[in-house]
Every structure is written in C-alpha cells, then in structure tokens.
Amino acid sequence: MRPIPEALPAVVDDSTLLLADSHNFPLVRDVGETVLVAEPRADVVDDIRTTYRYEKVIAVGGCSVLDVGRACAQPGSLRVFPSILSNSCLSTDRSVLIEDGTRTSRRTVAPVTTVISRPSVQAAHQGPGVKWTTSGLGDLFSSLSAAIEYQCADGEDALLDMPVARVMSRIPVVWAAVEWVLGSRGPLAGLDLRSLARYLHESSLDVLRLGHTRLNAASEHLLCYRLQEKHHYPPDHATHGRLVSIGTLLVCAMYSRSTGQHCFYRSVRRLYEKSGLPTTYADLSQLGVHREHILHGLDELAETNCLLGRLYRQYAFRMADEVFA
C-alpha cells in the first residue's frame, strides 16, 4: 500500500470532493478539490453541502474529518482514508458534530471503503505519535464501561448480579483486543498497528451490525464531551481516547467494587498502564485535565440518568479520588 497522497489519484475524479484535516490538507490539496476541516461542526457540514457540487466524498485524516465526511456524503458515495488510528469510529455510520457548543452523535453514512495506508499510519504513529496508538486503544476500551452500562440500564443495583463473563460476551472484539494488549511484550511503540487497525475497524462495524452505539459509547463519552466543551483542551494532546478513558476507568472501578470482582479492575489498571492511558491525577494533569474538571463534569452528569451520573449521586467525589488519587 502506498502513502495516502500517492493512493488518492486513482480514486479521485471531477465529481469527488476531498475533505482533509490541517495535517493532511497540504499533502492532498493538489489531488483535487479539497476542503480544510478544522472542527466537526454542524455548520461546517451545512456550508459544504450548500457551497460545493459533488457526487463522491473522500475524507482524509483523523476522527473529526471522518465525522464531517460521513455527514456530507450520500449513501454509497464515501471513502475514508484514516491517517491515524486514534479512534474506533473508522467505519461506522455515526458522526459526533458540534452544534451550539454541544457535541451530539447522529446517524450519518457509513463508508463503502475504509483504506488504511500502512506507510502513512506507521509514519504518524512514530516517536511522539505513539499518542495516537494510546488514543485508539482508549476509545476502543470504552466498550468495557459501555457494556457494563448496557447491562444495568434500569439501575446500578444490577451491577451486583453481573459476572464479568456476561459483560464481556457482549463485546467479543474488544475483549479480544484487551487480551491482545495484556499479552503483548515490549513497549507500546512496538504494538502491531495492523492488529490495532483491525480491532478498531471491527469494533466500528459492530455498530452497523447492531444498529446502535450503546456497546461502544455511553457515560464515559458523555463525560469526555463535557470536559471538551468546558475546557477546550488541545486535541493533539488531550486526545479523544485519553479523555474517554477517564470515565471508562471510573465505571470499571465501581463495577469491581460493587461485585467484588477485584481481579477485573486490576486487569483494567494493568491494561491502562500497558496502553499509556492515565491512571492518576498526576497523569491527567500532564494532559491539562485536573481533578476539579472531572468532578464538575460528573456533577453535571449527576443531573442525568446515565450510569456515571447515578454513581456520582451515590459516591460523590470519593468515586474519582479512589481511582485517581
């Protein structure tokens, strides 16, 4: 497989609109008509739809530009070229768009083709770019908490009667990825990116197979969105997967506490350490995320009926301090 800029000319024609993020825009702008996408905003989608004439869409870049591409395309007309493996929405039919300052998920269009350029992805994940590997794992593992929440939609008391095997049977692809990371040897930078791409792709296809996102995104994503909306962290540092992992760890901790299945939580902590995900307030502060940010986000969720909100009403700040202090 060739680098993305070399692969694009074979699939671009006069009816194609290219969408690219700031990193990829200079690399692909000469291939065809190209729009720079800075943020996944609903008004950006509206502007593209009304300003440009196109039949096909190709989205090149990370999660934000893929979200916009899915929202701009018609069914059967979208190809995506992820340049980083930073999220588990590679091949899904959902987009998270910002409207009036709030992030919401909406059904859009799944790509007909997801193209992973090995040279481009490997180059992006080298050196400091290993953060994208961490982010991809963080988003993938959000299914751990989403599956727990899926099993106790009617109340957290259901946690008491929920064996780990029942929870994990809902998310076989993600659980296989957990075992893959826990069984891996060597540093995170040496993790096989082909395997990561396969797990991310298969996880996003689960959304299409199931027809919903409840096993991929739940309270942990709501907390992530609250943090992003309030504090505007630099997206290339406090990445989506790192932020999502905060709520995932909280849910897994409270699940283990309620059920007495402490081996599960110890395994998740080890998984986080091997993946480079934050496990302490000190880790989070390096991302610009502070204790009061998390508590404020949880306090807002306490006004809802999501699992993290219900748990925070019960445990308050102790929930976060037990995990991250």
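This note sets out points on the fold, the strands and several individual residues of a predicted model.

1. Basis of the note. Because the model is predicted, local features are reported at pLDDT of at least 70 and side-chain atom pairs at pLDDT 80 or more, while totals for chains, interfaces and linings use all residues. Residues are numbered from 1 along each chain as its sequence is written, and side-chain values use heavy atoms, with hydrogens and water left out.

2. Overall form. The protein contains 17 helices and seven strands; these are DSSP runs numbered from the N terminus, with helices (H or I) of at least four residues and strands (E) of at least two. The radius of gyration is 19 Å, close to the 20 Å that the globule rule gives for 325 residues, so the protein is as compact as a globular protein of that length. That radius is taken over C-alpha atoms, and the rule is 2.2 Å times the number of residues to the power 0.38. The C-alpha trace spans about 60 × 45 × 35 Å along its principal axes.

3. Burial and contacts. Of the 325 residues, 56% count as buried (buried is under 20% relative accessible area, exposed is over 50%, and partly exposed lies in between, with a 1.4 Å probe and protein chains only). Among contacts between residues at least 6 apart in sequence, 68% join residues at least 24 apart; a contact means heavy atoms within 4.5 Å.

4. The parallel sheet. Five strands form an open sheet with parallel pairing, in the order E2-E1-E3-E4-E7. Its edges are strand E2 (34-36) and strand E7 (113-114), each of which pairs on one side only. Pairing requires that DSSP find at least two bridges between two strands. Strand E1 (residues 16-20) is joined to E2 in the parallel sense over three bridges, and the bridge partner of leucine 19 in E2 is valine 35.

5. Lysine 56. This residue lies in strand E3 (residues 56-61). Lysine 56 is partly exposed, with a relative accessible area of 30%. Not counting residues up to four places away in sequence, lysine 56 touches Asp13, Ser15, Thr16, Leu17 and Ser77. Arginine 79 is 23 residues from lysine 56 in sequence, and their C-alpha atoms are 8.2 Å apart.

6. Strand E5 (residues 94-99) has five of its six residues buried, so E5 is largely enclosed by the rest of the structure. E5 pairs with strand E6 (residues 102-107) in the antiparallel sense over six bridges, and leucine 97 stands opposite threonine 104 in E6. Two residues lie between the strands of this hairpin, and aspartate 100 in the turn has a positive phi of about 55°.

7. Helix H7. Nine of the ten residues of helix H7 (residues 142-151) are buried, and the helix is mostly covered. The buried residues include Leu144, Ala146, Ala147, Ile148 and Glu149.

8. Leucine 298. Helix H15 (residues 291-301) holds leucine 298, which counts as buried at 0% relative accessibility. Leaving aside neighbours within four places in sequence, leucine 298 is in contact with Leu223, Leu250, Leu308, Tyr312, Met319 and Ala320. The C-alpha atoms of leucine 298 and leucine 27 are separated by 41 Å, the two residues being 271 residues apart along the chain.
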